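Subject: Structure handover

Hello,

Here is the structure I promised to pass on to you.

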Amino acid sequence: MRGRECRVPTFAPALVPHRLDGARPFPRREPRKGRCASRPWQVGAVTGHSGDMSDSSVETTSELVLVTGATGQTGALVAEGLRARGVPVREAARGTDPRFDWDDPATWDAVLDGATAAYLVTPLVPDFAPGLVGDFTARARAAGVRRLVLLSGASAEFGNVPILSREMPLRAVDQDDFSWTILRPSAFAQNFPAMERTLLADGGVRRPLGPAPGAAVAYIDVRDIADVAVEILASAEPDQVRAHAGRTYYLDGPEALGYEQVLDAIGSRIGRELRYEDAPRDEWAAGARAAGVEEVWLRWRLDLFAQQRRGEYAHTRDDVERLLGRRPRRFDAYLADSVSADSWPEG
Ligand SMILES: NC(=O)c1ccc[n+]([C@@H]2O[C@H](COP(=O)([O-])OP(=O)(O)OC[C@H]3O[C@@H](n4cnc5c(N)ncnc54)[C@H](OP(=O)(O)O)[C@@H]3O)[C@@H](O)[C@H]2O)c1
């Protein structure tokens, strides 16, 4: 069913050359005009609450967007953001109905049925079979999916095989009747506090991330990742589709912070003094092994630390700002919105 349409595209593609794609224009987001422009949920701001779906002027479409990873950090917000734009969504994960399991291709057709676009999240597991993205894409195309946004990771730029190999099948697809867009986010701000459960008990963190302040990372707020994905997926207008076809976007936070700075910010937020200490790599690995961390995850973490020490997550590129017409959220904003002393168990 089509409701009253807002004809304003989510941004006006502007002829701004972009370093990642040579002479092709980078879609620069312009403020919306007209009645639809005044609606905050239509200007790329997924703020953790839905739009007013009872409003008859909500932008609607005959698209059906499949959102995988729908129970995860970005997928849930992407589904919510698309719905707020009036875009029909099918959420998919292992507990949804229909069920979607990357490891069980028998579950794929049901979630793809009727879908015209998809947001693809692959699980962050070291043994994810890279061929799955290619197989799923072929199945999606056969089912009528014409646009696909893949959540990848910033480390793909530096040849991180487990991540890059998930992109490669898409890059091989010709885009005559199908377009893909790849998002390469930096590390998520929202990984805290789950990543550092013992922060309060330990009074800080010891990591092989170099002398204080420790390797710098431009943490990206998952709400900004979702805003970008929604911006790309919300409209099937030909100009919009062309503007994002075959593009790779780097989603970095606005500032690169060492672990010491992160801990200072968290400490100020919750009223605790928290320390960062550099740890020798082998000592840290021995401690993790003794704590029962599996070898495959240990290697994964050590690789991640090495990537961070090489500065691979420290870039602060402006793709988010160009796409959304505003700066990405600061780490402080994430803390203010989501973190309190209750976020961690007392040691
Ligand atoms: N976390 C970061 O800092 C970071 C940084 C850059 C890129 N990334 C990328 O972001 C992606 C998501 O990572 P995340 O750790 O943040 O996870 P997440 O999106 O918060 O959660 C993973 C999602 O995938 C679903 N899922 C897990 N295994 C699945 C399976 N076998 N079949 C179908 N769905 C499955 C989960 O749902 P159910 O468990 O309910 O099935 C959940 O919805 C990864 O590809 C990662 O490389 C993450």
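This is a predicted model: local features need pLDDT of at least 70, side-chain atom pairs count only at pLDDT 80 or more; totals for chains, interfaces and linings use all residues.

The shell around the ligand divides into 12 nonpolar, 10 polar and 3 charged residues. Here Ala, Val, Leu, Ile, Met, Phe, Trp, Tyr, Cys and Pro count as nonpolar, Asp, Glu, Lys and Arg as charged, and the others, Gly among them, as polar. In total, 25 residues surround the ligand, and the closest are Gly72, Gln73, Arg94, Pro123 and Gly153.

Residues are numbered from 1 along each chain as its sequence is written.

On the chain as a whole, the secondary structure comes to 12 helices and 10 strands. These are DSSP runs numbered from the N terminus, with helices being H or I of at least four residues and strands E of at least two. Of the 347 residues in the chain, 40% are buried. Buried means that 20 or more other C-beta atoms lie within 10 Å of the residue's own, exposed means 12 or fewer, and partly exposed is in between, with C-beta atoms placed from the backbone. Among contacts between residues at least 6 apart in sequence, 79% join residues at least 24 apart; a contact needs C-beta atoms, placed from the backbone, within 7 Å.

Now to the helix packing. Helix 1 (residues 75–84) and helix 6 pack at about 45°, and their axes are 9 Å apart. Axes are lines fitted to C-alpha atoms, for helices over the stretch in contact, and angles run from 0 to 180 degrees between N-to-C directions. Helix 1 is therefore oblique to helix 6: under 35 degrees counts as roughly parallel, over 145 as roughly antiparallel, 65 to 115 as roughly perpendicular, and the rest as oblique. Residues in this contact divide into 8 nonpolar, 1 polar and 2 charged. From helix 1, Leu77, Val78, Gly81 and Leu82 take part, meeting residues of helix 6 including Ala226, Ala229 and Val230.

The axes of helix 3 (residues 131–143) and helix 4 (residues 161–171) come within 7 Å and cross at roughly 30°, so helix 3 is roughly parallel to helix 4. In this pair, Val133, Gly134 and Thr137 of helix 3 meet Arg166, Pro169 and Leu170 of helix 4.

Two prolines deserve a look. The peptide bond from Phe192 to Pro193 is cis, with omega near 0°, and Pro193 sits in the loop between strand 7 (179–185) and helix 5 (199–202). Ala212 and Pro213 are also joined by a cis bond, with omega about 10°; Pro213 belongs to the loop between strand 8 (204–207) and helix 6 (222–233). For context, most peptide bonds are trans.

Phe188 lies in the loop between strand 7 and helix 5 and is buried, because 20 other C-beta atoms lie within 10 Å. Leaving aside neighbours within four places in sequence, Phe188 is in contact with Gln73, Tyr219, Ile220 and Val222. In strand 8 you will find Val205, which counts as buried with 21 C-beta neighbours inside 10 Å. The C-alpha atoms of Val205 and Glu260 are separated by 8.9 Å, although these residues are 55 apart along the chain.

Best wishes

How values were computed:
Two residues are in contact if their C-beta atoms, placed from the backbone, lie within 7 Å. A residue is near a molecule or strand if its C-beta atom, placed from the backbone, lies within 6 Å of it.
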